[in-house]
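Thanks for coming. I have one structure to show, and I will take one residue and then the whole chain.

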Amino acid sequence: MSQHHVVVGAGPVGRHVATLLAERGDQVTVVTRSGRDTGIAGVTHVALDATDAEALTRITTGAAALYNCANPGDYTQWERTWPPLASSLLTTAERTGAVYAITGNLYPYGPTSAPMHEGTPDAATDHKGVLRARMWRDALEAHRAGRLRTVEVRASDYVGPGIGQNGHVTRVLPDALRGKAVWMIGRTDQPHTFTDVLDVARTLVAAADDPTAHGRTWMVPSNAPVSQVRALTDVLAAAGKPPVTVHRLPAPALRAIGLVSPMMREIAEMGYQWTAPYVLDDRAARQHFGIDPTPWAEVCRRTATGVA
């Protein structure tokens, strides 16, 4: 029997989640401020301010799951935009009984010296990492109190179609496809985990479906880490293009730019992700859900096609 699912956000994760659910025959409602059509067959689109818990509750009543796929792109506005949205989503999940499935990231961990896994403590000190850690803590406390059911999946930097300026590879890919030299942040030779956005959606749907997965975080199954240069070169090769020159934007230079650019100041705060190995350990999720990452060659092809 088909179920109803509510997906908040129509970015790359939200679109992939909605597609997976619709393809298996479930009823899907995608909620965005504009209500724009994603083009996904069989999906209902609703224009709604998701910070309005009353309105979101009306849409979600009777739903099996509520997916938080929102991704406010402007870091400088996170302290203003995330708290009311997170509060509304929690309230809605508590009122309706829908499983609250959260798209997370690695920010709560802060700088680490070893691969990140589900047992790694949330120890960030920067305001974005602290904010995301608090959002998960609030949801987990409500889960443990029996007020709702929740789960969060955490991924590294996205690759795949539809990422655009929000991805470190896809941000420079249009110029690289034209043969131009590009600038990338920090050390471009360090191993870094990149996560296919489709695998984020696959893991999020599987986690929402599985009651034994609730009440904890899961790492999204991802391919073996590669350097930024290797990732870009592999995506270019998938598009039949040669490598390009990659210039480094060192952390001190990024901080200097941040003196006059609030957005670059926010990015510089996360510079630790690009100056040393930044790797996740996904063994627990692979074993529990039986999910392997999309093969790297296919990820690169999808990423190149998504930009071209």
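Where does Ser156 lie? Ser156 sits in the loop between strand E6 (150-155) and strand E7 (157-159); strands here are DSSP runs of E with at least two residues, helices are runs of H or I with at least four, and both are numbered from the N terminus.

A word on the source. This is a predicted model, where local features need pLDDT of at least 70 and side-chain atom pairs count only at pLDDT 80 or more, while totals for chains, interfaces and linings use all residues. Residues are numbered from 1 along each chain as its sequence is written, and side-chain values use heavy atoms, leaving out hydrogens and water.

Ser156 has 6% relative accessibility, so it counts as buried, meaning under 20% relative accessible area with a 1.4 Å probe and protein chains only. Leaving aside residues up to four places away in sequence, Ser156 touches Leu106, His192, Thr193, Thr195, Tyr278 and Leu280, with contact meaning heavy atoms within 4.5 Å. For Thr193, the backbone oxygen lies 2.7 Å from a polar atom of the Ser156 side chain.

Now the whole protein. There are eleven helices and eleven strands. The radius of gyration, taken over C-alpha atoms, is 19 Å. The globule rule, 2.2 Å times the number of residues to the power 0.38, gives 19 Å for 308 residues, so the protein is as compact as a globular protein of that length. Of the 308 residues, 55% are buried. Of contacts between residues at least 6 apart in sequence, 75% join residues at least 24 apart.

Definitions and conventions
Buried means under 20% relative accessible area, exposed over 50%, partly exposed in between (1.4 Å probe, protein chains only). A polar contact is a pair of N or O atoms within 3.5 Å; within protein, one must be able to donate a hydrogen and the other to accept it, and residues adjacent in sequence count only if both atoms are side-chain atoms.
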